[in-house]
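Please look over the sequence and the structure shown below before reading on.

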Amino acid sequence: MAVYTEVSTQEARDLLRQLKLGELTALQGCTRGIENTNYFVSTEQGGETFDYVLTLFERLTLAQLPFYLRLMKHLAEHGIPVPAPSANARGDLVFEFKAKPAAVVTRLRGSSELSPTPAHCAAVGTTLAKMHLAARDFPLSQPNLRGLAWWNETVPVLLPHVNPTQAALLQSELAYQNHVAASSSYAALPRGPIHADLFRDNVMFDNAQGQPELTGVFDFYFAGVDSWLFDMAVCMNDWCIDQGTGTHDAQRFHSFLRAYSAVRPLESAERALLPALLRGAALRFWISRLWDYYLPRPASLLQPHDPAHFERVLQQRVMHPQATNSLEMQP
């Protein structure tokens with residue numbers, strides 16, 4: 001969460017007063033992520049302390065943002081642990097602040113688990129399935145803005161920046177994903193609003209009781225309507241691999257899959273296409289990390305992710321599709 005737009009203490013204090021969230025007691029810029037400006041803020045009201053996240057959106061427009069904020073509100077109302085957006089006096093969940101669209105949401109308790117066990121993966125699988133089912137009746141619709149159309153637009157821009165081996169892999173995988181997307185099996189995949197970025201650092205856990213308790217899911221600003229299987233693939237490519245090598249972790253994979261399937265059993269088209277969409281999810285994040293690495297925007301606390309990580313994940317998914325074939329997918 002890089003800082004592109006500087007916010008002063010007084011500016012934050014005035015905003016929080018307008019939102020009737022209390023008196024500002026702490027303001028801290030966040031350094032993780034690369035899409036938006038984020039600050040952790042704390043307030044005092046009635047002798048109690050409250051924690052929030054202030055986000056200024058650097059790419060998304062005021063017209064696009066109601067989808068994300070209202071999806072979060074919808075999920076919260078259906079019992080999914082997500083940050084609750086704060087409305088202004090007009091009832092708007094997103095508003096203009098420092099000439100940027102902005103929102104303030106509650107900050108979740110707990111911390112991210114960067115070395116997940118099978119139990120953590122099971123908790124994520126259960127919650128993701130519940131999220132998919134809870135969002136089925138969400139009335140708004142918006143496409144996945146980082147889906148196949150964006151891959152097709154972005155890869156040609158990246159080719160001059162990568163070496164010939166990388167260019168060949170990008171082009172061959174993009175051709176394969178276009179082929180998959182044109183199939184009848186792909187058209188049959190169940191769809192709905194998805195998170196599309198449910199990495200380890202976007203989930204909070206409280207481990208105080210010895211067993212991991214998933215306390216929240218956040219950062220919905222890549223959400224859109226796409227296949228639920230793609231959302232699963234994004235998760236599995238982060239939660240169910242070895243971070244150093246990108247290799248498949250069978251124990252965590254099956255733990256995630258069993259937990260997800262216990263809430264929403266997979267359809268036959270999903271079982272058949274999971275290996276292909278694992279490749280697609282790896283390609284999506286390799287493309288976006290290449291984009292942010294070679295074509296960055298200035299930010300005062302920018303920490304770009306390493307593009308090579310998802311290059312390795314994609315290579316592993318291409319070389320070892322049998323690790324996640326339909327037979328192994330049975331819970």
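The sections below take these topics in turn, and the model they describe is a predicted one.

## Aromatic pairs

The model holds 11 aromatic pairs. One of them joins F67 and Y68, whose ring centres are 5.7 Å apart and whose planes meet at 90°, so this pair is edge-to-face. F67 has a relative accessibility of 4% and therefore counts as buried, and Y68, at 1%, counts as buried too.

Y68 also pairs with Y221, again edge-to-face, with 6.1 Å from centre to centre and 70° between the planes. Because Y68 belongs to helix 2 (residues 65-77) while Y221 lies in the loop between strand 8 (213-217) and strand 9 (224-227), this pair ties together parts that are 153 residues apart in sequence. Both partners, Y68 and Y221, are buried.

## Charges over rings

The charged end of R146 sits over the ring of W150, at 4.2 Å from the ring centre, and that of R279 sits over the ring of Y176, at 3.8 Å from the ring centre.

## Cysteines

The count of disulfides in the model is zero. C30 is buried, with a relative accessible area of 4%. C121 takes part in no disulfide, and the nearest cysteine sulfur to it, that of C240, is 4.4 Å away, whereas a disulfide would require the two sulfur atoms to be within 2.5 Å. C121 is buried as well, with a relative accessible area of 0%.

## Helix 3 and its surroundings

Helix 3, which covers residues 118-134, has 17 residues and reaches 24 Å from its first C-alpha to its last, close to the 24 Å expected at 1.5 Å a residue. C121 is one of its buried residues, and the others are H120, A123, V124, G125, T127, L128, A129, M131, H132 and A134. In an α-helix there are 3.6 residues a turn, so residues three or four places apart point the same way.

Which elements cover the buried residues of helix 3? The cover includes helix 2, helix 7 (228-239) and helix 8 (250-263), together with strand 6 (191-194), strand 7 (203-206) and strand 8.

Terms used:
Residues numbered from 1 in each chain as written. Predicted model: local features only at pLDDT ≥ 70, side-chain atom pairs only at ≥ 80, totals over all residues. Heavy atoms only, no water. Phe/Tyr/Trp six-rings, centres within 6.5 Å; stacked < 30°, edge-to-face > 60°. Buried < 20%, exposed > 50% of the residue type's maximum accessible area, 1.4 Å probe, protein only. Helix = DSSP H or I, 4+ residues; strand = E, 2+ residues; numbered from the N terminus. Lys NZ or Arg CZ within 6 Å of the ring centre and 35° of its normal. Expected span 1.5 Å × (residues − 1). Contact = heavy atoms within 4.5 Å.
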